[in-house]
Amino acid sequence: MASLNVNGSARQFDAEPETPLLWVLREQLGLTGTKYGCGIAQCGACTVHIDGVPTRSCVRPVSSVGANEQIVTIEGLAPKASHALQRSWVALDVPQCGFCQSGMIMAAAALLKAKPKPTDADIDEAMTNICRCGTYNRVRAAIKMAADGGPKA
Amino acid sequence: MESTAASFTDLPPLAELDTALPAEPATVAAPASRGRAASVARRRFLQGAALGGSLVVAFNVPFVRRASAQAMGGGAAAPAAGSAAAGTHPDEMNCWVVVNPDESVIIRVARSEMGQGTLTGLAQLVAEELDCDWARVSTEYPTPGQNLARNRIWGSFSTGGSRGVRESHEYVRKGGATARMMLVQAAADEWKVPAAECSVAKGVITHKPSGRTTTYGKVCEAAAKLTPPTDVALKDPKDWTIAGKRLQRLDTAGKVDGSQVYGMDLKLPGMLNAAIKACPVFGGKVKRYDAAAIGSRPGVKKVVPVGDYAVAVVADTWWRAKTALDAMPLEWDFGPNAAVSSASIAATLKAGLDAPEAIVGNQAGDARQAIGAAARKVEAVYSYPYQNHATMEVMNATARWTPERCEVWAPTQNGEAALAATAEAAGLPTAKCDVHKVNLGGGFGRRGQHDWLGQAVTIAKQMPGTPVKLIWSREEDMTHGRYHPITQCKLTAGLDTDGNVTGLHMRISGQSIVAGLFPQNLQNGKDPVVFQGLNAGGAEGAFGYAVPNLLIDHAMRNPHVPPGFWRGVNLNHNAIYIESFIDEVAQASGQDPLALRRKLLVKSPKHLAVLNAVAERAGWDKPAPPGVGRGLAQIMGFGSYVAACAEVSVADDGSLKIHRIVAATDPGHVVNPQQVEAQVEGSFAYGLSAALFGACTVKDGRIEQDNFSTYPALLMAQMPKVETVVMPSGGFWGGVGEPTIAVAAPAVLNAIFAATGKRIRDLPLKDHSLKKA
C-alpha cells in the first residue's frame, strides 16, 4: 500500500507505480470530481494542486508524488464550495455541461493565489483548459469577480 | 402545436429518426425487419394521443411510492442497480408535476440536459403555468422504460436539433396549467366557492372575496383525486413571471464542487471497468488477439469480443483495463476501406459537383438558363471537412445484464433510442430493459447515437450479473466518432449589368447523415437535412434570399466514414457556402455586402431584422478601426433567425485575432434570456473551433487525429468578445442551442477577406497561411 496526502488526509491505496495520479484519485480514492479528458495533459480537466502548483494529474505517475506533498482536488478546495471562485461561478452561472469546470476552477484558484488581481493576459496564459461548450467568457468574468472578493452578498 | 406540425413535414424529428424501438415481442409478433417502420408509425400515434388528449398530472400521494426517476442537480445519488421500473406502480400517476405536502414541487423533464440549459428552461415553462414557488422546484428525469410502459406519456426524449423547448413547450406548459387548475379547484371545493373566485401566486391560493388562503401542499392530496380538466388555456407570454426571466440554472451547484456524477463517474456495487479498441478502419474486423498474454496483469478479469470488430478488456479499474488492452497483442483485418484517403474522398466529391444527376432541394424558375444568359457569371467551389464532436466527457456507459433484465446507466441525448439500443444488444424485449440517464459531459449530437452503449451491453452480457462500466479512451473517441459529414459545394451566380442576381445554382456534393443512419427515412432518395437553411420554407431553415431563378441540389456521395448529427451540422457548412459566396458576389459586382444582402432579403423580414440588428450594433455604417476587417453572415435554421458581424485583424506573421462578435438571434420566444446568451456565446466557441481547427482527415481508411493535440479546440485566449442581441419577435418557437454556430465561421471568413483580401474556401483555417504575400 502506498500513501498520498489528499485534501488534508493521508490516504492509502493500491496501484501500480506508473498509474497516473488522476486514476488513483478517481478509482482508488473515489474522488471523481477530477476528470479524465485527454490523458495527455492537453485539456486540463484533470487539474489538481500539488503543494499549490496546478498539475495535470493525467500524466503524473502516482509514484512521483511524495506521501507528504499536499494534493488538493476540487472536492477539497474549500468547505461547502465557499471559495470566492466557486461563489462567483454560481453567481454568473458559468457552467454549461460542467465537465471541464473542476479543472477550470482549480487552474483559476492557482492563478489567483499567484496573482490576486490577474490581467486578461494573465488569465489567457494561465487558463489553457479546454471547454467545448464555450464558457470561456463567463469563466473570465467569474475569475475577475472572485479577484474582487466574489459576488456581492 | 404549429412548430411540431411544421417540422413533421419539413424534416422527421430526431425522435422519429433515431428511436428505432422494436415492437414489443410480448405483444406484437412483428418480424424484426419491419420493427423500425412499424414502431415509427406506432410512436407517432402514441405521441399524438399523449399530446392531444388528456395529460395525466401526478401528485404525490402519501404511502404511494413515488417514481424513483434519478434526481438531478448537485450530488446526484447513484441510482440503485436492479431497481424495478418506477412509474409502473398501479396506484401511481406520473407525468410532469409532483406537488408534495411539504410544498416542494418536482418537475419531470424528458429531454436531456447536456449543458444547453433545457432542464431549467423546461422547468420554467411548467412552473410558469403551475404558478408555484420557483424556489421550491426540483427536477427529475423519468426513464424511457417508464415512458414506454405508460404509452409514451412524456412524448419524445430526443434531445437534438435544438428541439428541447421548441417542440415540447406546449404540452409541458399544459402539464403545469392542468395541475394549477386542479389545485385551485381542490381549494375551491374545500371552501365551497367557485374556482373562478380564487387566485394563485407562488403556490398560495387565495379566495379573493373572503381573503382566505391555503397552499398547494395542503390541497395536493385532494387535487390528485380530481378529474383533470380538458379545456386548458395557456398564459400569454407577456404575462410570464418565471418563464422569460433571467433565472439561474437549477443544476450549477454540483458542477463547482466536483459532486455532480457524470456517466464516467458512476460507481455501482461490484462494478468492473472495461476498455475497448475497435478496428481503426471503419468496416474492418478483429483478426486475432492473445488474451493469455495479459491474463496475469493486475486486476484483469476477462477479455471479451465485441461484435466482430472490437475487443474489450474488463478489469477492476479502468486504468488497469486500458493498460492491459494496450499491452495485448492484437491484429486487425482492415477490410475493404483500407485504401481510402482524404484525397480519394475529395476526388469522389469533386466529381459530384458537375454530375448530371442530383436531388433537388429548392428550385425556382430556371437557374441554368438564367446563368447562361447572364451578363456576368461568378463561380466558386468550397469544401468542408469531417469533424469530431469531441465532447469533454468521452463516450461511456454502464450496463448490468442478466437473462431476465438489462439495465443501463448512460449519458444519452435520447433515452428512448438508448433503450432500443439496450434491448437490441441485450437480446431482451424492451419491457425487460431500462436506461437511467446519467449527466452528460457534453453531447453535441454524438450522444444521440448509441454504438458505445451497445458495446457496453455486449460486454456486460458476457459477465452476467456484474455491472460493467465501459469508458472509451480519448483516442478511441476521436477515431470512432460519428462525424460531421463531409461536403463540397459549387456556387454559380448570374448577374445582370446592375449587379442583380438573376440566377443562382448551389450544388452540394457529399455525404448524407440520413443515408448513413436511417436510409429508410430518405424521401425518394432525398436527405432533407442536407438542405438545412436552404429550404423554400419551414422551420428547418428557409432560404432568405429572393433570387428569381434558383436551383439548390445535392449529389449524394457517401464515403465509408460514418456520419452523425453534430451541433448545427448541415446548417454550419451551408451557411459558410452561401454567406461566403454572397460576399464574393458583392465583391465581384462592387456592392457593399450589407447592401446586397438587404436587397436580396426584401421578402424575408425576419432574416433582415437580425442582419440589420448586428449591422447597427457593430457600426457597419462607420469605418472599422485601422487594420480591422468586418464580415457579416445571416441564416435561418432550427426555427430561429440568426446573424453575426465579426471584427478581425491579421498580423504580419499571419496570426488571426478575432476582436469582437456581434450576434443577433430571433427565436420567437425566449424562455431564459441569460441561457440564450450562454448558448450564443458557446456557439461561437464551438463554431470557431470548427472553422479554425476542426478537421478529421482520412489515411489508410482511418481517422488520423486521435486527441486534442492533433484536433485542437478554441482556448480562452482565442475566444472573442461576444455581444449578444436577443430579439424575440413572438409568434413562433425556435431553437437556440445550434443556429448561431452557423454564422460564426462565415462572419469570420468574410471579415478575414475584408482585412486581407484572402478568400478562404476550404476549411479549416489552420491549413491556410494568412501571412501577407
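# A tour of the predicted model

Begin by selecting Ser162(B), which counts as buried because 25 C-beta neighbours lie inside 10 Å. As you look around, keep in mind that this is a predicted model. Ser162(B) sits in the loop between α5 (144–149) and α6 of chain B, and its phi is near 50°, a positive value in a residue other than glycine.

Next, select Lys202(B), which also has a positive phi of about 50° although it is not a glycine. You will find Lys202(B) in the loop between β4 (198–201) and β5 (204–207) of chain B. Is this residue buried or partly exposed? With 16 other C-beta atoms within 10 Å, Lys202(B) is partly exposed.

Move on to helix α7 of chain B, residues 216–224, and colour its buried residues, which are Tyr216(B), Val219(B), Cys220(B), Ala223(B) and Ala224(B). These residues lie on the same side of α7(B), because they cover an arc of only 140° around the axis.

Now select two helices of chain B together, α16 (residues 569–588) and α17 (residues 593–600), which pack with their axes 9 Å apart and at an angle of about 110°. Angles of 65 to 115 degrees count as roughly perpendicular, and α16(B) and α17(B) are therefore described in that way. The crossing in which α16(B) passes α17(B) is right-handed. Where the helices meet, Ile582(B), Asp583(B), Val585(B) and Ala586(B) of α16(B) face Pro593(B), Leu596(B) and Arg597(B) of α17(B) in the contact. Sorted by class, the residues of this contact comprise five nonpolar, no polar and two charged.

Further along chain B, select Leu763(B) and Pro764(B), which are joined by a cis peptide bond with omega at about 0°. Pro764(B) belongs to the segment after α20 (741–756) of chain B.

Finally, show both chains and turn to the contact between them, which takes 45 residues from chain A and 46 residues from chain B. On the side of chain A that touches chain B, at least two residues each come from α1 (21–28), α2 (84–91), α3 (101–114), α4 (120–126) and α5 (136–147) of chain A. Which helix gives the most to this side? It is α5(A), with four residues. By class, the side of chain A that touches chain B holds 22 nonpolar, 16 polar and seven charged residues.

Key:
Residues numbered from 1 in each chain as written. Chains lettered and ligands numbered in written order. Predicted model: local features only at pLDDT ≥ 70, side-chain atom pairs only at ≥ 80, totals over all residues. Buried ≥ 20, exposed ≤ 12 C-beta atoms within 10 Å, placed from the backbone. Arc of directions from axis to C-beta. Contact = placed C-beta atoms within 7 Å. Nonpolar A, V, L, I, M, F, W, Y, C, P; charged D, E, K, R; others polar. Axes fitted to C-alpha atoms, helices over the stretch in contact; angles between N-to-C directions. Parallel < 35°, antiparallel > 145°, perpendicular 65-115°, else oblique. Left-handed = near helix turned anticlockwise from the far one by under 90°.
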